[in-house]
Amino acid sequence: MSEIKEILNQDLNKGEEEKIIEELEENKLKVEDKEENNKTDNVTILEQTEKTMEKIDEPENETSKINKKTKVDFLHKYTIAITVISILLFIGLIVFSTVFALINRNSDKIVNGVYINDIDVSELNIEEAKEKLMRNISKQIK
């Protein structure tokens with residue numbers, strides 16, 4: 001009888017051992033699954049972070065491209081405006097000079113606002129200006 005009890009106890013112990021081993025294996029599998037899930041979660045989190053960073057970087061790149069294009073467009077327009085203004089000023093100067101020369105072409109008088117040694121010779125012809133200068137120089141010498 002004691003032998004039967006021993007055998008039954010051994011069978012029970014074997015059954016308990018098997019159950020414990022099965023539970024340990026199940027727990028080990030669960031732990032491995034959790035580790036894999038954590039790795040997957042970590043990889044997923046890393047991928048999501050990288051994607052987010054790329055999305056953040058993309059608008060900056062697009063913005064900088066737009067800013068560069070805007071700057072180039074502005075400089076291009078600025079250069080064209082300066083060139084056009086310079087050409088117009090040059091043409092205006094030529095036209096003014098030509099008109100001035102044509103108006104005074106037949107005149108032998110000195111233009112208004114001309115001074116020689118603080119002596120006003122405006123609206124005088126060459127002979128009158130010479131005489132005026134000679135008189136003022138003689139007065140200064142005396």
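Colleague: In what order do the elements of the protein run from the N terminus on?
Modeller: This is a predicted model, where local features need pLDDT of at least 70 and side-chain atom pairs count only at pLDDT 80 or more, while totals for chains, interfaces and linings use all residues. Residues are numbered from 1 along each chain as its sequence is written, and side-chain values use heavy atoms, with hydrogens and water left out. The protein has two helices and two strands; helices (H or I, at least four residues) and strands (E, at least two) are DSSP runs, numbered from the N terminus. Starting at the N terminus, the elements run α-β-β-α.

Colleague: What percentage of the residues in the protein is buried?
Modeller: Let's set the scale: buried means under 20% relative accessible area, exposed over 50%, and partly exposed in between (1.4 Å probe, protein chains only). Among the 142 residues of the protein, the buried share is 4%.

Colleague: Which residues form the negative surface patch?
Modeller: Lys and Arg count as positive and Asp and Glu as negative, while His and the chain ends are not counted; the place of a charge is NZ of Lys, CZ of Arg, CG of Asp or CD of Glu. One member, Glu25, is found in helix 1 and is partly exposed, at 48% relative accessible area. The patch is formed by Glu22, Glu23, Glu25 and Glu26.

Colleague: How many aromatic pairs does the structure hold?
Modeller: Rings of Phe, Tyr and Trp (its six-membered ring) pair if their centres lie within 6.5 Å; planes under 30 degrees apart count as stacked, over 60 as edge-to-face and the rest as tilted. By that count, the number of aromatic pairs is two.

Colleague: What is the angle between the planes of Phe74 and Tyr78?
Modeller: Phe74 and Tyr78 are four residues apart in helix 1, so about one helical turn separates them. Their rings are stacked, with 6.0 Å centre to centre and an angle between the planes of 20°.

Colleague: And what is the centre to centre distance of Phe96 and Phe100?
Modeller: Phe96 is exposed at 58% relative accessibility, whereas Phe100 is partly exposed at 38%. This pair is stacked, with 25° between the planes and a centre to centre distance of 6.3 Å.

Colleague: What is the phi of Asp118?
Modeller: Asp118 is placed in the loop between strand 1 (115-116) and strand 2 (119-120), and is exposed with a relative accessible area of 77%. Although Asp118 is not a glycine, its phi is positive, at about 60°.

Terms used. Patch = residues over 30% accessible without salt bridge, like charges linked within 9 Å, V, L, I, M, F, W, Y side chains within 5 Å. Areas by Shrake-Rupley, 256 points an atom, 1.4 Å probe, with all protein chains shown as cover. Salt bridge = Lys/Arg side-chain N within 4 Å of Asp/Glu carboxyl O.
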